[in-house]
Amino acid sequence: MIREAAYGGQYRPLTESDVRAIHEASLIVLKETGVEVPHAEARERFARAGALVDGARVRIPPALVEDALATIPHEFHLASRDGRQDLWLSGTRVHFGTGGSPSKVLPSGADNVRDGDAELRDVALLAIVADALSEVDFFVLPVTPTDIPPEAIAPHRFYAALAHTTKHVMGGLISPQGARDVFEMGVMIAGSADALRERPFISAITSWMLSPLTFDPEVTDILTFWCEQGLPVALSSAPMAGSTSPLTLAGTLTQLNAEELAGMVYTQLVRPGTPVLAGYIPGQMNPRSGAYLAGTAEFGMMQAAAAQLAQFYNVPIYCTAGMTDSKTPDQQAGYEKMITLLLTAMGGASYIHHAVGMIENMNAVSYEQMVVDNDLILMVKRVLRGINTDPDHLAVEAIQRVGPGSHYLMDEHTLRHLRSEFVFPALAERNHREVWLLQGAPDLRRRATDLVNRLLAEPRPRLLPASLDEAIRARFRVHDGLG
């Protein structure tokens with residue numbers, strides 16, 4: 001069953017001629033400047049396909065880009081394990097989920113991040129919360145646990161997520177062996193490699209591009225393996241305007257577009273038809289410190305523009321919104337998150353990660369912020385739905401029936417639309433002041449803390465059959481950190 005999605009595309013920061021100009025400029029960059037590829041096998045693939053290879057520099061002609069765009073899937077689905085929450089990535093359908101992977105956690109009710117770094121149990125607990133939140137469409141592994149040896153992080157993280165949510169799970173892979181382990185785990189759960197390809201309930205993020213214009217050789221190994229398996233992959237490239245890309249928004253978009261096109265070409269050289277999410281993540285430098293800025297209006301504008309570029313190539317986009325530079329769930333977090341969520345969603349971005357739970361840029365995840373962000377996304381989705389003007393919603397019959405001087409409180413039209421026309425955020429304080437005071441005058445964070453605690457206290461069904469769970473634990477020597 002395909003999960004219901006809202007549609008974006010209402011906000012277009014680029015005109016059609018702007019998009020074409022960025023496309024043409026990107027082709028010039030690929031053909032004349034090229035990309036640095038310090039990976040022998042990848043260079044050989046490019047050379048055999050007709051790229052000009054000079055040392056580690058690879059110059060990609062427009063014809064190779066056209067060939068890649070002819071084989072890359074224009075739409076595809078990311079499966080859920082229960083079959084009821086599949087995502088269909090197509091056109092301007094918009095989905096929201098978690099992101100990662102910081103090593104800091106702000107526990108529910110705490111004023112400061114935990115003294116120790118993120119732990120594996122956080123992956124499991126955050127998966128439980130995400131699984132329960134109505135507006136979270138997918139689960140990107142949100143933290144990197146520090147209580148697990150680096151070589152074992154990939155299978156542990158994916159297992160901890162898969163044991164506690166049936167929503168689609170995506171995560172970064174830090175080694176080829178980790179990629180092989182996660183693939184094998186997916187095959188065990190699906191029953192076969194073909195079954196996993198048919199219903200891919202896991203996918204990978206590969207940050208294969210070191211901006212500007214340089215393939216990361218180790219991550220290219222991971223990308224190559226994942227493409228060979230025919231599973232969906234997000235090509236994450238994150239240049240920072242003024243630092244690792246030109247300061248101007250258009251200049252950053254041009255370089256980023258060239259990087260993404262180079263990655264799309266490579267995936268199709270490895271295995272034509274590989275499902276790809278174009279991972280446009282344009283960033284912005286803080287000119288006062290040189291650090292990364294996450295919650296700016298320009299960030300949202302560039303992400304909406306990136307969505308237009310992906311739509312120009314008719315490829316789903318993996319991108320970012322809902323981050324904040326605030327260190328805690330506060331007013332700054334609210335306005336920074338809403339501006340980027342709204343602009344990016346209205347741009348029609350397919351797969352918006354980092355949308356749930358992120359604070360302090362990408363350095364920490366907050367349990368409380370997750371449930372607050374669920375409310376923000378609920379409101380964004382309502383904006384995307386727009387105003388229905390069919391005859392029933394125009395309500396002429398209701399207006400005639402009620403007439404002047406009466407009210408609509410008990411009219412059948414009101415009762416019929418009461419639960420569908422408006423949205424009701426779970427944490428919004430909408431009582432009279434007297435009622436609020438009688439409840440102890442709880443602020444947003446306290447209400448969020450209470451909700452998180454309730455979600456984590458609810459009984460949870462086993463999501464992996466006992467025998468399969470035991471087999472996975474034995475094969476990969478993994479656990480979920482919960483005991």
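1. **Ground rules.** Since this is a predicted model, local features need pLDDT of at least 70 and side-chain atom pairs count only at pLDDT 80 or more, while totals for chains, interfaces and linings use all residues. Residues are numbered from 1 along each chain as its sequence is written, and side-chain values use heavy atoms, with hydrogens and water left out.

2. **Helix α12, length check.** Helices and strands here are DSSP runs numbered from the N terminus (H or I, at least four residues, for helices; E, at least two, for strands). Helix α12 covers residues 367-385, and its 19 residues should span 27 Å at 1.5 Å a residue. That expected span is 1.5 Å times one less than the number of residues. The end C-alpha atoms of α12 sit 28 Å apart, which agrees.

3. Of the 19 residues in α12, 16 are buried, so the helix is largely enclosed by the rest of the structure. Buried means under 20% relative accessible area, exposed means over 50%, and partly exposed is in between (1.4 Å probe, protein chains only). After α12 comes Gly386, which has a positive phi, near 70°.

4. **α12 against α17.** Two packed helices are described by the angle between their axes and the distance between the axes. For α12 and helix α17 (residues 444-457), the angle is about 100° and the axes are 8 Å apart. That makes α12 roughly perpendicular to α17, a label used for angles of 65 to 115 degrees. The axes are lines fitted to C-alpha atoms over the stretch in contact, and angles run from 0 to 180 degrees between N-to-C directions. On the α12 side, Tyr367, Glu368, Val371 and Val372 meet α17 residues including Leu444, Ala448, Val452 and Leu455; contact means heavy atoms within 4.5 Å.

5. The structure holds 24 salt bridges, each being a side-chain nitrogen of Lys or Arg within 4 Å of a carboxyl oxygen of Asp or Glu. Asp137 pairs with Arg3, the closest N and O atoms being 2.5 Å apart. This pair links distant parts of the chain, 134 residues apart: Asp137 is in the loop between α4 (120-132) and β9 (138-140), and Arg3 is in the segment before β1 (6-7). Asp137 also forms a salt bridge with Lys381, at 3.3 Å between the closest N and O atoms. Here the partners are 244 residues apart, with Lys381 in helix α12. Arg3 and Asp137 are buried, and Lys381 is buried too. Arg3, Glu135, Asp137 and Lys381 are linked in a network of salt bridges.

6. Arg462 and Asp469 meet through their side chains at 3.9 Å, N to O. Arg462 counts as exposed, at 59% relative accessibility, whereas Asp469 is buried, at 10%.

7. Which residues does Asp86 touch, not counting residues up to four places away in sequence? They are Met1, Ile2, Arg3, His77, Leu78, Ala79, Ser80 and Arg199. Asp86 lies in the loop between β5 (76-78) and β6 (87-89) and is buried, with a relative accessible area of 3%. Gly405, in the loop between α14 (396-402) and α15 (412-421), is exposed at 87% relative accessible area.

Note on methods
Angles under 35 degrees count as roughly parallel, over 145 as roughly antiparallel, 65 to 115 as roughly perpendicular and the rest as oblique.
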